[in-house]
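The structure is shown first.

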Amino acid sequence: EGYKSVNLRYKAWAEDQMVKGLKDLNDDRQCFGWAKYVHEKDNNTVEWRPAVISKAVKDPAHKPFKVKWVQDPPKPLPQVAEEEDHELDRTSVLLVPRIPKIDDTTHPIVKEILGQARLLRMSGKSDWEIEANLNRFLDTKWEEAKASSNVPEDAVKPPRITVDQIRGFLQQKEEQTTGKLFSK
């Protein structure tokens, strides 16, 4: 820290190293991704553009994501002043983070089962052992639900639980716990 006060170039370099890049953006409000942009004046050709993606406010059921382009598309001069929200459906966006924090489309059975990850972690199990146990429990729970006719015939089996999901879930719970401690 003392060297930063002597060498201003080093201080600027150290500050640049601490800046998060756009591609690293991933929080509970927004994340980095790619979104389809349709060129209406070019025969409706489609281009994937980098964007900051957040949850939609207007119509989350049909178009769950609001998109802000990293480089805004060109606009005619009278429209330059107004900011336009682009809301897109799930098939028109690609979220870059492996486990995006804004995307909470986890299957209800998986959400219920993930609640046991914390107990398994406290009992000393590794993330890989937790994954195996939770997936075994998921298979059992799915078979029980199908046998008791609680799910429709054409229902799709929930996806396997991954180590990344487990780590993300445990990190989220830890952040909630520490947030509650510091807010008191």
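Asp 127 is buried in this predicted model, with a relative accessible area of 12%. That value puts Asp 127 in the buried class because the cut-off is under 20%. The side chain of Asp 127 meets that of Arg 167 in a salt bridge, with an N to O distance of 2.7 Å. This pair links distant parts of the chain: Asp 127 belongs to helix 5 (residues 127-147) and Arg 167 to helix 6 (residues 163-183), 40 residues apart. Arg 167 counts as partly exposed, at 40% relative accessibility. Both residues also belong to a network of salt bridges that includes Arg 121.

Helix 5 takes part in another link between distant parts of the chain, through Asp 139, whose partner Lys 157 lies in the loop between helix 5 and helix 6, 18 residues apart. The closest N and O atoms of Lys 157 and Asp 139 are 3.0 Å apart. Lys 157 is partly exposed at 39% relative accessibility, and Asp 139 is partly exposed at 24%.

A further salt bridge joins Arg 49 and Glu 47, with the closest N and O atoms 3.2 Å apart. Arg 49 is buried, at 13% relative accessible area, while Glu 47 is partly exposed, at 31%.

The structure holds seven salt bridges, among them those tabulated here.

| Salt bridge | N to O distance |
|---|---|
| Asp 127 and Arg 167 | 2.7 Å |
| Lys 157 and Asp 139 | 3.0 Å |
| Arg 49 and Glu 47 | 3.2 Å |

Conventions
Residues are numbered from 1 along each chain as its sequence is written. This is a predicted model: local features need pLDDT of at least 70, side-chain atom pairs count only at pLDDT 80 or more; totals for chains, interfaces and linings use all residues. Side-chain values use heavy atoms; hydrogens and water are left out. A salt bridge is a side-chain nitrogen of Lys or Arg within 4 Å of a carboxyl oxygen of Asp or Glu. Buried means under 20% relative accessible area, exposed over 50%, partly exposed in between (1.4 Å probe, protein chains only). Helices (H or I, at least four residues) and strands (E, at least two) are DSSP runs, numbered from the N terminus.
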